[in-house]
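My entries are below, in the order in which I looked.

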Amino acid sequence: MNWKVPLFDPDLGPEEEQALVEVIRSKWLTMGDRTVAFERAFAEMSGVPVAIACNSATAALHMAMAALGIGPGDDVVVPSLTFVATANAVRYCGATPIFADVASLDEWNVNAETIERVLTPATKAIVGVHYAGYPCDMPAIVALAERRGLMVVEDAAHAPAASLETIALGAWGDAGCFSFFSNKNMTTAEGGMVTTRRPELAERLRWLRSHGMTTLTLDRHKGHAFGYDVVALGYNYRMSELNAAVGLVQLKYVKARNARRAALTSAYRERLSSIPGLDVPFSTPRGAPAFHILPVLLPQGLQRYEVMAAMKEAGIQTSIHYRPVDTFTAYVDAGLGPSPHVPLSHAVGDRVVTLPLFPNMTEAQVGYVCEALGAALNRVTRVA
């Protein structure tokens, strides 16, 4: 469909095209010098010693769980209000995701209180998701983890170049996991990154990324090694040079584009404040968010899909971020939901609609979306 205002619009141009051409001409297509350069640049931006590129944030999360020794018999606390990959990564390791609630109907992140509420004797780790690029209360979460002897993984898929108390998101916990999917604040088409401050964890992550091998093809090509051992049951989660080349270009602009997202979010808040019963979460965000998406909480008693259909008629693409993970069929069938511990997440999941947000968006488009949403809310069916 040719949307008047799409949900997102990737920022790609001649620099990315040239970067791809140079990779193709080099004939070195996977895990080469560009991948190494991308990892170093991302680590420097994130204030960590190590960043390890991979082919998705899902791979990043799985690698982090496996490297931390998560396995059968372990519980891992995760948000219910997140993309399903967060919980899936726990299940890939044979562990059990335990769902925590959002802090409030204004802050759609888990916090130390909602996490502590669902801790079990088998809990081994906590996953904090920086929903929409807004920082979780990491000092309190890390303090809780230290008291209870737990590990912390940050799902920072929405939050490249975001920070809290001058510390980058992804640098607070044992591992940080990022996404470079096509709709993210910076993209490599498909791709992900794991960051860590722990050298021994970095070594395990590198093994897990490429079949548990102790050296890579690039090492052998450059004469740094002649053979390899396999020391772990690893995976094929490598990033290609094509993805890394695009990532190097995108990384140069992510902070400026985050700033543009912030300005657009402010414009949205001003215009949406006049719509009765509509709420925009994170009214008082902490730190420096990445402003990845623009979710709103519809007034109670409205047929959400009628609202989204009316927006579609106006040429505006919308989405839902997210249906709570514990309500999906695969989780219910596995005996993992619906959880009684996440009522606010379920309330958000029933009423959330995501509006368009991308750096090339104009303030006129913001105004058009807000006018269309106000009109849609006035005409849709209200349920008893």
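The entries that follow cover the ground rules, a sheet, a helix, an asparagine and the cysteines.

**Ground rules.** I am working from a predicted model, in which local features need pLDDT of at least 70 and side-chain atom pairs count only at pLDDT 80 or more, while totals for chains, interfaces and linings use all residues. Residues are numbered from 1 along each chain as its sequence is written, and side-chain values use heavy atoms, with hydrogens and water left out.

I looked up the strand order and found an open sheet of 7 strands, 1-9-8-5-4-2-3, with mixed pairing (strands are DSSP runs of E with at least two residues, helices runs of H or I with at least four, both numbered from the N terminus; two strands pair if DSSP finds at least two bridges between them). Strand 1 (50–54) and strand 3 are the edges, and each has a single partner strand, so one side of each lacks a neighbour in the sheet. Strand 1 runs antiparallel to strand 9 (residues 192–196), joined to it by 5 bridges, and I noted that A51 has T195 of strand 9 as its bridge partner.

**Helix 13.** I checked residues 363–379 and found that this helix of 17 residues reaches 25 Å from its first C-alpha to its last, close to the 24 Å expected at 1.5 Å a residue (the expected span is 1.5 Å times one less than the number of residues). Its buried residues include V366, V369, C370 and L373, where buried means under 20% relative accessible area with a 1.4 Å probe, protein chains only. Among the elements that cover the buried residues of helix 13 are helix 9 (241–272) and helix 10 (304–313), contact meaning heavy atoms within 4.5 Å.

**N111.** I located N111 in the loop between strand 3 (96–100) and helix 5 (112–116), and at 17% relative accessibility N111 counts as buried. A polar atom of the N111 side chain lies 3.2 Å from the backbone nitrogen of E113, and one lies 2.9 Å from the backbone nitrogen of T114. Beyond its neighbours within four places in sequence, N111 is in contact with A103 and I141.

**Cysteines.** I searched for disulfides (pairs of cysteine sulfur atoms within 2.5 Å) and the structure holds 0. The sulfur of C136 has its closest cysteine sulfur in C177, 13 Å away and too far for a bond, and C136 is buried at 0%. For C177, the closest cysteine sulfur is in C54 at 7.7 Å, again too far for a bond, and C177 is buried at 1%.

Terms used: Buried < 20%, exposed > 50% of the residue type's maximum accessible area, 1.4 Å probe, protein only. Polar contact = N/O pair within 3.5 Å; in protein donor to acceptor, adjacent residues only side chain to side chain.
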